[in-house]
Amino acid sequence: MLFSSNLFLFLFLPGTLLGYYLLHRRLRNPFLLLVSLVFYAWGTGKFVVMMVASALFNYGAALVLDRLKNPALRKWSLAVTVAGNLSLLFVYKYLDFFITNINHFGLNLPLQHIALPLGISFFTFQAMSYSLDVYMGRAQVQKNPLNVVLYVAFFPQLVAGPIVRYQTIADQIQHRTETVDDFCEGIRRFILGFAKKIILSNNMALIADAVFADPGRSVLYAWMGALAYSFQIFFDFSGYSDMAIGLGRMFGFEFMENFNYPYISKSITEFWRRWHISLSTWFREYLYIPLGGNRCSRGRWLLNLLIVWCATGIWHGASWNYLLWGLYFYVLLVSEKLLWGSFLERLPGWLRHGYVIVLVLISWAIFALEDFSRLGKYLSAM
């Protein structure tokens with residue numbers, strides 16, 4: 001069920017808002033959980049069971065992690081928890097990709113053709129956030145499993161983010177206040193996101209698709225296609241984030257901002273402080289810092305960054321171009337830090353801005369084209 005569908009706009013959302021505000025406060029969370037499960041099951045059917053199982057797995061894991069006092073046992077339990085979550089993601093999202101690639105070495109393993117559950121990358125990372133926050137002492141363990149399932153399944157951010165970390169929303173699940181001002185701001189934000197998606201992103205997609213199909217007319221034509229795609233992907237991602245943030249405000253929740261004018265950046269480092277903030281924050285808090293961050297030798301720091309950017313790339317999809325896209329930004333970020341960052345800061349603002357736009361447009365071509373032969377032709381056309 002898409003936010004832009006008539007079913008959502010004229011039936012599901014009004015009915016949910018009416019039911020929520022007519023019910024006693026004590027019944028509002030169970031009601032939100034019920035409608036969230038209906039929302040997800042509407043388009044995915046049986047996969048709603050898998051999502052609930054993922055949430056309950058992390059609920060149980062957090063109880064174990066909270067009770068264990070032995071450091072070694074806690075680390076082993078954490079390893080099992082992380083492995084369980086990543087195994088779910090691997091089987092549904094990456095198994096056929098893995099089989100396809102190992103078959104190049106002479107094997108003939110059959111593809112499994114497992115359907116990809118909607119939003120699995122988002123709800124898996126959210127579920128992991130709960131157990132990881134309990135392990136790190138950033139959040140209190142939740143005794144009520146329904147609250148954990150609601151945190152994972154809450155329909156505004158379930159399918160397309162932002163990725164809401166448990167520590168930022170734990171108190172809101174049990175103690176939140178709905179106001180008229182917040183409700184009106186939620187409506188305004190939802191309409192803004194809706195317009196980004198329907199009016200801007202969808203129309204930019206028509207241009208991008210046409211150019212990507214036949215980029216060879218001229219250099220300017222190829223760059224125009226990349227520019228159109230840059231608007232398409234921004235208005236799509238940020239539009240859905242705006243709609244999710246707006247819907248959350250209507251029910252008294254405050255989600256973190258996910259995009260902060262990324263195309264005004266004057267360095268690639270700044271761009272990634274402004275683009276898909278919830279994803280980069282998740283990887284920083286739960287992967288980069290636990291690996292050691294930058295408080296280590298230069299070699300180890302480079303390795304930590306490499307792991308994070310490989311993970312960031314492949315998180316977006318089971319295809320080599322996403323990994324290449326992550327490595328592309330890894331090289332640029334490391335180069336800014338070690339090579340030309342200080343020189344870049346001395347340049348005029350307009351030149352730095354142009355530097356970012358050119359490099360980001362190239363990155364979107366890599367992101368959009370899964371077939372490497374098509375990608376090579378497109379980059380050559382550019």
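Phe-123 lies in helix H5, where helices are DSSP runs (H or I, at least four residues) numbered from the N terminus. At 1% relative accessibility, Phe-123 counts as buried; buried means under 20% relative accessible area, exposed over 50%, and partly exposed in between, with a 1.4 Å probe and protein chains only. The C-alpha atoms of Phe-123 and Ile-163 are separated by 7.9 Å, and the two residues are 40 apart along the chain.

## Basis of the model

This is a predicted model, in which local features need pLDDT of at least 70 and side-chain atom pairs count only at pLDDT 80 or more, while totals for chains, interfaces and linings use all residues. Residues are numbered from 1 along each chain as its sequence is written, and side-chain values use heavy atoms, with hydrogens and water left out.

## Salt bridges

Side chains of opposite charge can pair when their charged atoms come close. The structure holds 13 salt bridges, a salt bridge being a side-chain nitrogen of Lys or Arg within 4 Å of a carboxyl oxygen of Asp or Glu. One of them joins Arg-28 and Glu-178, whose closest N and O atoms are 3.4 Å apart. Arg-28 lies in helix H2 (residues 25-44) and Glu-178 in the loop between helix H7 (166-174) and helix H8 (180-213), so this pair ties together parts that are 150 residues apart in sequence. Arg-28 and Glu-178 are both buried. The two residues also belong to a network of salt bridges that links Arg-25, Arg-28, Arg-176 and Glu-178.

In one, Arg-249 pairs with Asp-182, with the closest N and O atoms 2.8 Å apart. Arg-249 counts as partly exposed because its relative accessibility is 21%, whereas Asp-182, at 16%, counts as buried. In the other, the side chains of Asp-242 and Arg-189 meet at 2.9 Å, N to O.

## Helices H14 and H15

Helix H14 (residues 349-368) and helix H15 (residues 372-381) pack with their axes 9 Å apart and at an angle of about 155 degrees. Axes here are lines fitted to C-alpha atoms, for helices over the stretch in contact, and angles run from 0 to 180 degrees between N-to-C directions. The angle makes H14 roughly antiparallel to H15, because angles over 145 degrees count as roughly antiparallel, under 35 as roughly parallel, 65 to 115 as roughly perpendicular and the rest as oblique.

H14 passes H15 in a right-handed crossing. A crossing is right-handed if the near helix is turned clockwise from the far one by less than a right angle, and left-handed if anticlockwise.

## A nonpolar surface patch

Phe-90, Val-91, Phe-98 and Ile-114 form a nonpolar patch on the surface, with about 300 Å² of accessible area together. Patches are made of residues with over 30% relative accessible area and no salt bridge; nonpolar side chains (Val, Leu, Ile, Met, Phe, Trp, Tyr) are joined within 5 Å, and like charges within 9 Å. Accessible areas come from the Shrake-Rupley method with a 1.4 Å probe, and for residues only the protein chains shown count as cover.

## Two histidines with positive phi

Most residues other than glycine have a negative phi. His-113 has a positive value, near 50 degrees, and is placed in the loop between H4 and helix H5 (120-135). At 64% relative accessibility, His-113 counts as exposed.

Phi of His-276 is also positive, near 45 degrees. His-276 is in the loop between helix H10 (268-274) and helix H11 (277-291), and it counts as buried because its relative accessibility is 4%.

## Separations along the chain

Gln-167 is found in helix H7 and counts as partly exposed, at 31% relative accessibility. The C-alpha atoms of Gln-167 and Leu-18, 149 residues apart along the chain, are separated by 29 Å. For Asp-182 and Pro-348, 166 residues apart along the chain, the C-alpha atoms are separated by 40 Å.
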